[in-house]
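Dear colleague,

Please find below the structure we discussed, handed over for your records. My notes on what was found follow after it.

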Amino acid sequence: MKKLIQRLFSHRFFRFLLAGGMNAGFSYCCFAVLLFLIGNKEVAVTLNLIIAVFFNYNTSARFVFKDSKMDIKKVAKFYGVYFSTYPINLIHLHVTVDIWGWNAYISQLVTFVYLPFITYFLQKKMVFFQVDGKKSEG
């Protein structure tokens, strides 16, 4: 059993899924609280993006990509990745809530099914493509 766990943790994507679960929980709680307090889904998503991405950077860099160096360029690229997925999130909310009539809380939960895959790919290719002078592992 110990070898299985070690083998799982040796795969970056598995670590990404674990960290992603924690990040998603944190992010969703931020979104839900902000939506409840503000009452505007677009503003809640925007503020959530700013707050949650900083939390996500630390877990992704250290746990997923094993990169302990805090580099302002990487942080900027990391935010860039999330801002590039931001329109996808807003379009998703618009379609599911405003057109299809879904509940905004449920709609945002659905984004956690597909956005992490897009985010992982972009982080791997744009932010953490080189760690400790070596190309990042798959």
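Is Lys74 buried or exposed in this model? With a relative accessibility of 13%, Lys74 counts as buried, because the cut-off for that class is under 20%. Its salt-bridge partner is Asp67, and the closest N and O atoms of the two are 2.2 Å apart. Asp67 is likewise buried, at 2% relative accessibility.

Please note that the model is predicted. The protein chain has an average pLDDT of 87, and 93% of the residues score at least 70. Among its elements, helix 4 (residues 72-99) has the highest mean pLDDT, 93, whereas strand 2 (residues 134-135) has the lowest, 51. Where pLDDT is low, the predicted coordinates should not be read in detail.

The structure holds 3 salt bridges. Lys41 takes part in a salt bridge with Glu42 (3.1 Å, N to O) and in another with Asp98 (3.1 Å, N to O). Asp98 belongs to helix 4 and Lys41 to helix 3 (residues 41-64), so this pair ties together parts that are 57 residues apart in sequence. Through shared partners, Lys41, Glu42 and Asp98 are joined into one network. Within it, Lys41 is buried at 11% relative accessibility, while Glu42 is partly exposed at 33% and Asp98 partly exposed at 43%.

Finally, Gln108 is placed in helix 5 (residues 104-127) and is buried, with 4% relative accessibility. Beyond its neighbours within four places in sequence, Gln108 is in contact with Tyr28, Phe31, Val45, Asn89 and Leu93.

Yours sincerely

Terms used
Residues numbered from 1 in each chain as written. Predicted model: local features only at pLDDT ≥ 70, side-chain atom pairs only at ≥ 80, totals over all residues. Heavy atoms only, no water. Helix = DSSP H or I, 4+ residues; strand = E, 2+ residues; numbered from the N terminus. Buried < 20%, exposed > 50% of the residue type's maximum accessible area, 1.4 Å probe, protein only. Contact = heavy atoms within 4.5 Å. pLDDT = per-residue confidence, 0-100. Salt bridge = Lys/Arg side-chain N within 4 Å of Asp/Glu carboxyl O.
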